[in-house]
Amino acid sequence: MKTFFKTRKDAARRASKGKTEQHKIKCRQQGRLREKVRMLQEGMELLNYDDEGQTSIQEVLSVEYMSSEESDYDDEGKKVGYHVKRLPWERKKLRKIKDACMQAYHKKLSVCQIQMQLPRHVLDEKSNRQRPRDYPDWAVRSNHDSSY
């Protein structure tokens with residue numbers, strides 16, 4: 001019961017400040033990131049990495065290492081897909097691993113499940129998300145390392 005009243009109080013506070021729509025957008029973005037992590041983790045389980053490789057990959061299959069996504073709407077306001085902004089500090093090796101995990105995940109889906117997914121379009125614009133504090137060197141570029 002306590003959670004119910006806290007949720008109601010938070011919702012009323014957001015409404016009074018005019019931040020309800022902003023909150024909805026943020027919740028949707030966080031939900032997409034969590035869903036993306038889940039899909040990548042399921043895809044990784046389908047790939048044949050050794051225990052050491054799986055452990056190091058699991059370390060970076062978290063929300064902090066996911067590219068930014070924004071909903072894409074048509075002229076009538078209907079959602080038609082997502083715009084993806086890549087992480088500027090992400091190494092190619094990490095990008096390839098994430099792509100392989102996502103491909104493995106998509107291979108296990110039924111035709112109906114694939115058709116229900118909205119398309120994702122990668123933009124040239126990069127995400128402004130900062131790199132995590134404690135990161136593995138193989139996955140993230142350092143400040144002076146922009147050649148990877």
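Q: Does Glu42 count as buried or partly exposed?
A: In this predicted model, local features need pLDDT of at least 70 and side-chain atom pairs pLDDT 80 or more, while totals for chains, interfaces and linings use all residues. Residues are numbered from 1 along each chain as its sequence is written, and side-chain values use heavy atoms, without hydrogens and water. Buried means under 20% relative accessible area, exposed over 50%, and partly exposed in between (1.4 Å probe, protein chains only). Glu42 has a relative accessibility of 22%, so the residue counts as partly exposed.

Q: Which residue forms a salt bridge with Glu42?
A: A salt bridge places a side-chain nitrogen of Lys or Arg within 4 Å of a carboxyl oxygen of Asp or Glu. For Glu42, the closest N and O atoms of the pair are 2.4 Å apart. The two partners lie 4 residues apart in helix α2 (helices, H or I, at least four residues, and strands, E, at least two, are DSSP runs numbered from the N terminus).

Q: Which residues do salt bridges with shared partners join into one network?
A: Glu69 also meets Arg32 in a salt bridge (3.9 Å, N to O). Through shared partners, the network joins Arg32, Lys36, Glu69 and Arg120.
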